[in-house]
Amino acid sequence: MLDFLKMLLTPEFFFSIIRISAPILFATLAAIVVEKAGFCNIGLEGLMMFSALSGSLVSYYANSWLIGLLAALVVGVLMSLMMGFFAFQLKTDITLVGIAVNIMGSGGTLFLCKVITNLTEGKTMASTTGFITKGLCIPNITIPLVNKIPFLGGILSGHSLLTYLAFLFCLLTSIMLYKTSLGLNIRAVGENPNAASSVGVSVLKIKYIAIGFSGLMCGFGGAFMSMSYAQGWSLDMVAGRGFIALAAQAMGNGECLGGMLSSLVFGFAQALGIKFSARGLDSNLASPIPYAVTIIGLVIFSLVRRSHAKKERSAAAHAAQAAK
Amino acid sequence: MTKKREIIFSLVRGLLAICIALFVAMLLIFISSEGAGFGEKLRATGAALKQLLIAPLFRTGRSGVSFDVKRLTDVLASMIPIIFTGLSVCIMFSANQFNLGAEGGIMLGAFTTAMVAIYVPMGAVIHPIVAVLAGGAAVAVLMLLPALLKTKLDVSEMVCSLMLNYIVMYVIKFLMNTYLADKTKGQIQSYEFLQSAKIAQLVDNGSKLSVGFLVALVVVVICGLFMFNTRWGYTIRMIGLNQDFSRYSGMKVAGVIVLSQVLGGFLAGMGGGIEMLGRYNTFSWSALPGYGWTGITIAILAGNNPWLVPLASFFLAYLTKGCELMATYANVPAQLLDIVQGVIFLFFAAEQFLSRYRQKLVVKSAQEELAGKEGAKHA
């Protein structure tokens, strides 16, 4: 046991937590902003799949990771705006739009992959894993000076560019939501669309911005998956991270900081699972750990919220009695 | 608006949604088809479309088009699991519960049924029945988790059920790999089902159209009656329409929400079990089969109405078969199905799709009504 703990308390382990959390954090930010605008986008999973595929393909054909990344972002945003069109203009239930995008994101990406690359390895498996070489991956950044710090340096330095962006975006999103007029409008639309529109805010426009933002974040997340986390796209590679992000949003109480912490919890769970399987635990038992942690986390969050509400109520009752 | 016009409107709308999806499919096939020039590509597209649209039921050859019984039974056989998941999703979505656990449910049901079929010897007729019911019961119990968490703690049933899908898949894979696999075989599969557990085939031509198909139709009838002719069904639909109203009018909302998901889980589990015993000899699924997602599409196409589920299932089974044939004979990847499904899904569920046409119909009906009244007055 002590042995195992020693193995955990290494810079590599903490490094892997941060690395694993990054795509979840991107998706969580997406979930947070749309939730603030008053709806829930469950299509994050599908959006990330499409972005992952397009990122890896374009970077291969253009021979540049930057163009690939941009393509992933563009695809993410365009797909999310299309979702918005169906949800806001044609009034399809947003949940159903999300499910449709997820269905397309699962088999549809495989279809596109096969058609574009003309690969047909075997019957079902086709991937772009051979396409992304080291040079086409999103570069890792060694931070000067920081990497010299013992222990911490090994944790914080040397991550992919997108990992740093994820945490930067966490801060920026928080500022956007609480310090800018756009953020105010987004929150207003989420809390009371009628009131927002009565003071001249275009509810439709704000909703489009929110869902477009979620597409942008999924673009980053998808690109990270296929161009940094793994080298190349493969079927169902996002593996529920879009759904975990929805849970992280709920557990983080819809705030950026909380969302970030929840993402790190999931990152921890998965990193732990990987360590366990390295120690000989069946990988089929290690893999479901993050999903189980999601459910447990939701339950704990809900219990905490409930007891808070209870306390507040009783405090209010006491205050009322004291006032008498 | 008159009832007749309402029906015509939904028909037109549905057909148009399907046409749009097929048009998208055509575009994609055209892009993916091989050929040098425009004309050649067009010809390839035509050939692929023929496979997609006609081939599931008809064999086309030199001698013209002929009906193919084997292909029909293939399509009917592949309807079995998706009728069950379709019904399952219908019931859960009717209560406005976006429980997406049918996917994991059908796998757990199949697994449980398979285990009973292998390890619990029983009499011939009773064995498959007990095995399938056990499969259903296992999933019903599983669905208690998202349902109770939703009603007691307000945890999103959607996220919870999605997570459960993954957990179910991995745990089953673990059990198979470590304890239950037949080690003499090359791939991971269980031992063979006992002979007594197998579900009899309706037609003996290899398309695996089993008695399960009849069971599925019976279950459709039961679900239809349940949803539209019982108090429980009415309550489920009412809660789906307006939860607050239902609560104020004294319905036991929490209980019914749990009931709808448990029932949905039971149906999905049964579907998995029947599919297992009717089609296979051993359990060898190593990934989620996808029937749960198809079930959602079916529920959308059927408008959450159990009576329409067989029709929607037939349509999707037909498309699936078409896509498979297209992949074999026209070299178009079968996953085109997912894109077509998604597009149909989007337009079908779009409330405002063709709303102007609908508006016109409403106005027309109103004018006619007014004219009728005027006429009656003058007379």
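**A short note on chains A and B**

1. Let's start with one residue: Ala197(B) counts as buried because it has 25 C-beta neighbours inside 10 Å (buried means 20 or more other C-beta atoms within 10 Å, with C-beta atoms placed from the backbone). Ala197(B) sits in the loop between α6 (157-180) and α7 (212-229) of chain B.

2. A word on the basis: this is a predicted model, where local features need pLDDT of at least 70 and side-chain atom pairs count only at pLDDT 80 or more, while totals for chains, interfaces and linings use all residues. Residues are numbered from 1 along each chain as its sequence is written, and chains are lettered from A and ligands numbered from 1 in the order in which they are written.

3. Leaving aside neighbours within four places in sequence, Ala197(B) is in contact with Ala117(B), His127(B), Pro128(B), Ala131(B) and Leu277(B) (contact means C-beta atoms, placed from the backbone, within 7 Å).

4. Turning to chain A, you will find 14 helices and two strands (DSSP runs, numbered from the N terminus: H or I of at least four residues for helices, E of at least two for strands). Buried residues make up 48% of its 324 residues.

5. Helices α12 (residues 256-278) and α14 (residues 289-323) of chain A pack at about 145 degrees, with axes 8 Å apart (axes are lines fitted to C-alpha atoms over the stretch in contact, and angles run from 0 to 180 degrees between N-to-C directions). Among the contact residues are Phe266(A) of α12(A) and Val293(A) of α14(A).

Conventions. A residue is buried if 20 or more other C-beta atoms lie within 10 Å of its own, exposed if 12 or fewer, and partly exposed in between; C-beta atoms are placed from the backbone. Two residues are in contact if their C-beta atoms, placed from the backbone, lie within 7 Å.
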